[in-house]
Amino acid sequence: MRPFEYTAATDPADAVRLVAANDGTRFLAGGTNLIDLMKLEVETPRAVVDINRLARREPALEQVAELPDGGLRIGALVRNSDLAWNPVVQARYPVLSEALLAGASGQLRNMATTGGNLLQRTRCYYFRDTAMPCNKREPGTGCPSIAGHNRINAVLGTSPECIATSPGDMPVAMVALGATVHVRGPEGERAIPLADFYLVPGLHPERETVLRHGELIVAVELPALPFAARSHYRKVRDRASYAFALASAAVALDIHEGRIRDARVALGGIATTPWRSFEAERALVGHAVSHTLFRTAAERALAGAVPYAENAFKIELARRTLVRALTIVSEMTAR
Amino acid sequence: MSDAVFGNRAPVGAPMSRVDGRLKVTGAARYTAEIPIEGVHHAVIVGSTAANARILDIDTSIAEGMPGVVKVLTHRNAPKLPAQVGKPPASRVLTLLQDDVVHYNGQPVAVVVADTLERATDAAHRVTATYDAREPLTDIRHAGRKEYRPESANKEADSASGDAAAALSHAEERISREYTTPIENHNPIEPHATIAVWEGDQLTVYDTTQYVVGVRNTIAKTFGLPADNVRVVSRFIGGGFGTKGSTWSHVPLAVLAARETGKPVKLVLTRRQMFGSTGARAQTEQRVTLGARRDGTLVAIRHESVSYTSRYEDYLEPAAVITRSLYACPNIETTHRLVQLDLGTPTFQRAPGEATGSFALECAMDELAERLGMDPLELRLKNYAERDPESGKPFSSKSLRECYRVAAERFGWARRKATPGAMQDGDIAIGYGMATATYPTNRSKASASVTLTSDGRGGIDAVVQTASQDIGTGTYTVMTQLAADALGLPVERVRMELGDTRLPPSPSSGGSQTAASTGSAVEAVCREACVRMAADGATDPASMAAWLSRQPGRTLTVRAESKAGKGDDDYAKHAFGAVFVEVRVDRALGEIRVPRIVGAYAAGRILNAKTALSQLIGGVVWGVGMALEEKTLVDPRTARYMNANLEEYHVPVNADIGALDLQFIAEDDPHVNPIGVKGIGEIGITGVPAAIAGAVYDATRIRVRELPITLDKLIMGGGSAD
Amino acid sequence: MPVTLRINGRPVTLDVEPRVTLLDALREQALLTATKKGCDHGQCGACTIHVDGRRQLACLILAVMLAEREITTLEGLAAGDELHPMQAAFIEHDGFQCGYCTPGQIMSAVALLNEPCGDSDDDVKECMSGNLCRCGAYPGIVAAVQQVRRAGAR
Ligand SMILES: Cc1cc2nc3c(=O)[nH]c(=O)nc-3n(C[C@H](O)[C@H](O)[C@H](O)COP(=O)(O)OP(=O)(O)OC[C@H]3O[C@@H](n4cnc5c(N)ncnc54)[C@H](O)[C@@H]3O)c2cc1C
Ligand code: SF4
Ligand code: FES
Ligand code: FES
């Protein structure tokens, strides 16, 4: 690791000011991604601002609070395990709890924060190895994954510049639930729907979100979504645990008398961003539950998929994963 | 079972807990990188980022100017050292900063020494090199590959008995199939580490090695020192599996860095650096051709294996060797060919040869069984070898039939359906598979000493010493038991000292040979001590204690050597086993789970039922990893190892391992070696990949002949239908 | 910069650069070497320690982040000569071979006692999957954890 300056902020306003003041300064939350990448020298900040003590000034940052409209506000510093184990989350948004528990390991979930998880970076082999070129890490150097190893990379949302998968589980569930990210910058707070938060690589794979430098994520809000009590996260990976998704599906269904009234569908492990599939949702809504319907929705979800040499299997795997998740949710009795 | 059941005597064979268990569960056991050394400096290797290349320029100026940095060694300033000083496995062809030639990606091109780890690591990143690189070869399966038969490698390349070609052309049934296994990295959880401490011309090396004597010899010769000037210590080793059996480049580099800086130096490889410069299991492509009569009798076996080696040293993955002695067959032909790739030299990895070879041979046996409409177990029994087909010698003992019987029964093999795909549970397809396991019994010369001391109160303390190693295999424990038994002392009066070249020499902890080799020496030396005392009539603990109190210093030291003797070659020596697995495959998603593995193994006398079982378990867990998960990825353009970490190089996690029902079959073998043991460290992995592949086929009708069996191969229709 | 850490109930003052991880601070400076380094990137679990009673990975924490926090390493687990029941159970069930992953396994297992992990062996396997054991001692590890859980130890 290169040397850097370390400051432990206790006031969110200070933290924002310190980071905003300098391009080379980063927020440090759980550290499970940032410190990892600093060791690899993929990230080389000149200074880090430790935000782990901000809750002393602003306890909400570490709290999960029910909102008057039935939604939920999750502080950015809430640890992944606490969020997964939260009884309200387990009851009202099981898809989120399951997604969290399917990610990383017990130790990592105790460290990782909600804000940090949203911003974790791709596991593309080439991105994480500074001996190799990579458009995302060093714009303009090329993408060696496209003609190299790309089994773990994306089939949706790719561009000729980058095909890196967005690796997270939690964000997939949150995108499905229609979450909103609340951020605070030098110019004040703004709320960004999570579906608009992430950017596909296009010509600029180095830009992953609409977050501006110095903006601190303070919370994620989940809307009231009563039918999300019938929701599920299915993750498929190379071993039974402690591995990133090859494909995953987050699904919530509102079923009335065998007919789908409303649906939320998002896919993970196969796209350059946590992938909300409005196509699949449209295919589902208004129709009677059936295997054929689920299969149709899955076809729609993957309609634009582009395979690369090693990852063509992900297209069919993602379809089947989605069908599985839909099937499981459709068979749940409403809680 | 608690130790108390055995009182304070732990007869050989008892499931005694490890004598070093307490040290390990409290963190008191110090592994190499943890030895506290006053003023130690940290060395960090800079690995090349190209292969098949020459270094055009290497810039160390920034690194040299950084705080705390005391030295940067490159080929421009490194003193001349020989690349190889002896024979493998202890002495490999090393890359010691001697010239501008870069064979493999990750090869050491510089070593940075600084006062702290952080500074050394940072400075190492600031060393930049430019290369003139030609396109590398990174996979044995490339067009126009040049195969050759290695002249002097670690194993005889070819074998032929009878006339396989003729027998195949007349065979009533014939199948010929190709199987491949990928590059696999050992990945012990403890990274390789070396601490070098010079005091004048005396050198102490703390090293993560499976072979202290080997490191000592390599270092002494490399640096032109008398062997006595070099002490190598390795008391606790965090797993080896073969990668720590050789002295790789980083060891002399640490010694060199210490000499050039005049500081004690600690060098620990990063996980990434363990890919390339410390060996790997070689990728293999194996064609197995079987000829049989309609009743299943094998008339010919041909097993042709191609594997890779580096550009600078021949290492042969002896995949086809298993075929020479597993099944009775008059016409057996095996060949091994090498292809040079621009990668680091591969090496021994848990059951080298048998692990890869049993996958091919046992899968082919399954395919033949299916062709014949036979039960796979029945086909194996039909071709049971009563004598070693290769040498014609009798086996020192062979209880494989019993292994098949016991394991098949416990598994419930009889419930197997003859048609694949017949067992279903909702979304899950269930499959059964089985395979034979085997590993030869090796033995090398070993020596040990024992010092008996009277405590003056009628008791005796024994210290047993040998320069062997405990890589987790339980050497401390079983040697303590052997010595206690031979001496008639309670185990807690026996102290075992290992892992230090100051102790009587012992061979490498590899090839499952430690119990047979070092164990025989420990037993021999303890018996010898008893014989000496018995000559004066001291034959029981009380009279022995009395006898000892009359000796100068109240002590007796005996040293002995043990090696295979005359008549030792009269037998073929192998451990055998049978392994049965159940898999559950999600039909849609391709996820493969292994809820149940049943195995029975006959491996001579079992010295410690508890630690021996752990060895089998460990081997079987490796088999699961090899079958389903492990594969090293190399970038085809740069020969760079792309998943050189534990997140993308998948090894089994706890949740991958289902119920393991493994057991030993009692086997009394008077011929194999003085203590009647066979190796148990490697047999566990053998057969498991084939059994899993067979079970996956049984569940899905998809025959995957290319390891690992990842779900993409099932999703895409996998292997080939035929 | 100087930082005072509370390690195993005792204050330990170290002079570390911000970039020094807790793992390296423990191993190279405090000479508390029970905590192991297997991967240095959060991928193996060998460096598992407790921070305020919760299991975390020392290789992905900067030492300076932990001022005022309570750190427990394997060295702090046994009460004097008396082994923690988990340590004893690991010995009894041979939950290790080489022992290198073992400190991390034990720290993980002890933390697990206070986590909402289900009762079954499969639950334990999942909860312990962040600790790789290349020696493959998983069955013994599960048996040890279950024994301690069933005995009701905390
Ligand atoms: C071996 C391993 C396996 C893993 N497996 C999985 C998996 O299977 N599934 C999965 O989803 N994840 C997995 N992870 C990733 C893990 O979930 C993330 O590393 C973690 O969620 C990041 O959170 P953090 O708080 O540690 O972030 P940090 O590392 O602290 O920060 C990450 C980034 O976010 C920024 N940041 C953090 N907080 C804020 C904030 N409030 N406002 C603005 N910016 C902020 C930081 O500046 C940094 O750029 C794995 C990680 C490892 C190491
Ligand atoms: S896919 Fe994206 S992250 Fe990976 S190498 Fe290409 S540009 Fe870099
Ligand atoms: S060393 Fe920390 S997880 Fe591997
Ligand atoms: S005991 Fe060796 S890695 Fe677990």
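**Exercise 1: Domains of chain B**

Chain B is divided into domain 1 (21–30 + 444–562) and domain 2 (393–441 + 570–721), the bounds coming from an automatic or database domain assignment. This is a predicted model, in which local features need pLDDT of at least 70, side-chain atom pairs count only at pLDDT 80 or more, and totals for chains, interfaces and linings use all residues. Residues are numbered from 1 along each chain as its sequence is written, chains are lettered from A and ligands numbered from 1 in the order in which they are written, and side-chain values use heavy atoms, with hydrogens and water left out.

Task: describe how domain 1 of chain B and domain 2 of chain B are placed and what area they bury between them.

Solution. 
1. The centres of the two domains of chain B, taken over C-alpha atoms, are separated by 36 Å.
2. Domain 1 of chain B brings 13 residues to the contact and domain 2 of chain B brings 14, contact meaning heavy atoms within 4.5 Å.
3. Between them these domains of chain B bury about 1,100 Å², with 58% on carbon and sulfur atoms; buried area is the accessible area (1.4 Å probe) that two parts lose on being put together, summed over both.

**Exercise 2: Interfaces of chain B**

Task: state which residues of chain B lose the most area to chain A, and which three supply 19% of the area that chain B buries against chain C.

Solution. 
1. Chain B meets chain A through 36 residues of chain B and 37 of chain A, and the two chains bury about 3,000 Å².
2. On the chain B side, Leu589(B), Met642(B) and Glu647(B) lose the most area to chain A, together 18% of what that side buries.
3. Against chain C, the contact takes 57 residues from chain B and 46 from chain C, and about 4,100 Å² is buried, 55% of it given by carbon and sulfur atoms.
4. Val25(B), Ile189(B) and Asn654(B) supply that 19%, more than any other three residues.

**Exercise 3: A helix pair in chain C**

Task: determine how H2(C) and H3(C) are oriented to each other.

Solution. 
1. Helix H2 (residues 85–92) and helix H3 (residues 102–112) of chain C pack at about 130 degrees, their axes 10 Å apart. Helices are DSSP runs (H or I, at least four residues), numbered from the N terminus; axes are lines fitted to C-alpha atoms over the stretch in contact, and angles run from 0 to 180 degrees between N-to-C directions.
2. H2(C) and H3(C) are therefore oblique to each other, since angles under 35 degrees count as roughly parallel, over 145 as roughly antiparallel, 65 to 115 as roughly perpendicular and the rest as oblique.
3. In H2(C), Met86(C), Gln87(C) and Phe90(C) meet residues of H3(C), among them Ile106(C) and Val110(C).

Definitions and conventions
Helices (H or I, at least four residues) and strands (E, at least two) are DSSP runs, numbered from the N terminus.
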